[in-house]
Amino acid sequence: MNCLPAFEFSYARTATGIHLPAPLSLPATGLIWLTGASGAGKSTLLNLIKGLHPEFIHGTLSGGNPAIAPDALYLSQNPHTQIVHERVGEEFFFSLEHRQDSPSEMHTHLKLLAQFGLADFEMMPTAKLSHGQAQRLLLASMLATDPKVLLLDEPTAFLDPQMRADFYRTLHTLKQNACVILIDHHREAVPLVDICWYINERGVIRELPVAQYLDLTSTELEHERAHPQSFTLPDAPSKITLNLSNLVIGYDKKNPLFSIAHATLQSGECAVLCGDNGSGKSTLLNTLAGLLKPLSGEIDLTASGLSVKPRVQMMYVFQHPDSHFFFDTVAEELTQLGVTDVPATLTQFGLDHCAKRSPHQLSEGQKRRLTLLFPILLKKSLIILDEPTFGQDALNAERITRLIQSFKSAGYALIVITHDPVLHQAIADQTWRIRHQHLEVIEAVVT
Amino acid sequence: MMDTARFNTLRLNTHSNAPIRSRPLHDAHVLGILMLFFIGVALPMAWHTVVVLALALAILARIQGMTWRSIVIRLGLALLLSWSIWLWNMVFVAERTPDTIHKANQILLRVTTMTWVALMSGKMLNLRDVVSFALQRGWLSMNIAYALQLGFGSIELMRAEIRRIILSATLRGLNWREKFLQWLPILIFALRHATRGAMSLRARGLHASSARKTFYYNYQSTRAQKRHAWVFLITLVILILMNEI
């Protein structure tokens, strides 16, 4: 059994950090669930355990050395940044080749590629993979090596529910022979958990019984529901109607991704766009935003009775929050958008004390909450959100859900991609499901 | 299917062929031919030799899978890009004589053919496969090869990121001065991508001490590809001799 010694780590240029006051034991096998609010320092702890300080994360470390698993395999949050090779097959064999397995041994692991739904993709360019597919590829590649220690940072964030269930089954088998440290906000992971490490809002790490952590989050959630933070949103600037008719979406006319016979969205409505990984969800949003041209068909948006280009009335909150930031500090970003009371605005989104930080230095979850402010401040009537609850703990996911509901009440129209069934059920007026290369529109049943 | 490639000093055991082995000419051979062409153009050869060599490479591009349309488009683009040099040589000359005009035409021709071939080269060969080939032969260290692989791979990601950043700036209604700040997120993306790329190699099990690895795919040339490369090279030599003598 390995031991994580007591240590203290402070981020460069800030007073915040994480602190382990007493050593924690790392078992040879089992699943450790690393929990805490988004931005608490969970990814930082994984980086330290892997030994990526000081080359890749900057700050001051004192006390013991937390780099107890330098040979561990580590799946980070954004899968595309971890891909090295040009083709799926080459990427899959990356870790096995470095373990110096023989080609025939490597070949026996190809079944894992099939298990993760990538059997027919061996020669496909990795640049064409969706987030979910890229995540599956990296997971398959890592699991093929039978790792002894595996560090997983939100490994199921972009997986569809079926793939997620399959992954948890694989994890159940894997943890019998390996130690897995998992950051995951999905409750389906709970039955697999052997140990829970919790990082509180002050960055203090301690071991908690799983039941106690669940009680803690339940209490927080109940408190949040009893005393919800109010979102006072201005009404949508105009009433809009979005009509999509005979639309064909994709990159290549000979091989389109899918078609849309007819879909309509009006102010105050929310459409949840779903489909398997790689079915073309992000491609549709990119097409609406004007990043891609439709292969054929029409996109018609009317605002207060006048036909306008969709991008005039639209704000698109990307999966990659970094693409939204242009200024040195969070305060500057908000001031450019006309905010006068920066601290109060940030508090409403759980981003207290972030005003003077660079937006690029926030955690992935904090960045996402910051970008959700932009549509309100830009006064756009059509809001497109790509995985808005990705990387959020239960409390912040609850706040985001309520924010989306507030958007609807204020007359905004929304299109949301999400794999989160709770969010889906809470916000959807329509479900746009991509199946068999067609978009089906399913109206929500009003209860 | 088990495939075993034999080298002079190296016996390589792989399981499957990489796509590079199914192309008419091996990409590493094409890269070598292109390098010879660029050296050749710098030599004092007759203008018609340069033209013939460029045409031969256009045929090679067609053989490697480019369409004639794509080849012609690149020729037009090369002419467009090179035209200013001809204009420069015609305008900024003390006295315009038949000799200076001839020289300006010569320079235009060489620059155009070089640009044309350079523009075609991106489609004629896959550099990432050439890197894997060199790594498999042991001509590149893993540190260099993976840095190159990540660099080539980041081009597509960078393109997508730039599209997102431009859209984000437009949707945010940034003015022209603020739009100029777009370089900031692009630069940050490039820096972060470089860091994450290096980090991902460590994260996925590559160590500074890693010196050896096995290969699942075979990136080496086939006998047929070697034969095709020799035939093409001999043809080029014959064409040069026919034009120069």
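These legends cover close-up views of a predicted model.

Local features need pLDDT of at least 70, side-chain atom pairs count only at pLDDT 80 or more, and totals for chains, interfaces and linings use all residues. Residues are numbered from 1 along each chain as its sequence is written, chains are lettered from A in the order in which they are written, and side-chain values use heavy atoms, with hydrogens and water left out.

**View 1. The largest nonpolar core.** This core has 68 residues. A nonpolar core is a set of buried Ala, Val, Leu, Ile, Met, Phe, Trp, Tyr and Cys residues joined through side-chain atoms within 4.5 Å. Buried means under 20% relative accessible area, exposed over 50%, partly exposed in between (1.4 Å probe, protein chains only). A:Leu334, A:Leu370, A:Ile415 and A:Trp432 touch the most other members. Beyond four places in sequence, A:Leu370 touches A:Phe325, A:Val330, A:Leu334, A:Leu346, A:Leu351, A:Pro359 and A:Leu362 (contact: heavy atoms within 4.5 Å). A second, separate core holds 64 residues, among them A:Leu152, A:Ala178, B:Ala18 and B:Phe133.

View 2. Strands S2 (residues 7–11) and S3 (residues 17–20) of chain A pair in the antiparallel sense over four bridges. Strands are DSSP runs (E, at least two residues), as are helices (H or I, at least four), numbered from the N terminus; two strands pair if DSSP finds at least two bridges between them. A:Phe7 stands opposite A:Leu20. Five residues separate the strands, and A:Arg13 in the turn has a positive phi of about 65°.

**View 3. Helix H9 of chain A.** Seven of the eight residues in H9 (residues 281–288) are buried. They include A:Lys281, A:Asn286 and A:Leu288. A:Gly290 follows the helix, with a positive phi near 85°.

**View 4. A salt bridge between chains.** The side chains of A:Arg87 and B:Asp129 meet at 2.7 Å, N to O. A:Arg87 lies in the loop between strand S7 (73–75) and helix H2 (88–92) of chain A, and B:Asp129 in helix H5 (residues 127–137) of chain B, so the pair joins two chains. Both residues are buried. A salt bridge is a side-chain nitrogen of Lys or Arg within 4 Å of a carboxyl oxygen of Asp or Glu.

**View 5. A salt bridge between two helices.** A:Arg225 and A:Glu398 meet at 3.0 Å, N to O. A:Arg225 lies in helix H8 (residues 210–226) and A:Glu398 in helix H14 (residues 394–409) of chain A, so the pair ties together parts 173 residues apart in sequence. A:Arg225 counts as exposed at 51% relative accessibility. A:Glu398 counts as buried at 18%.
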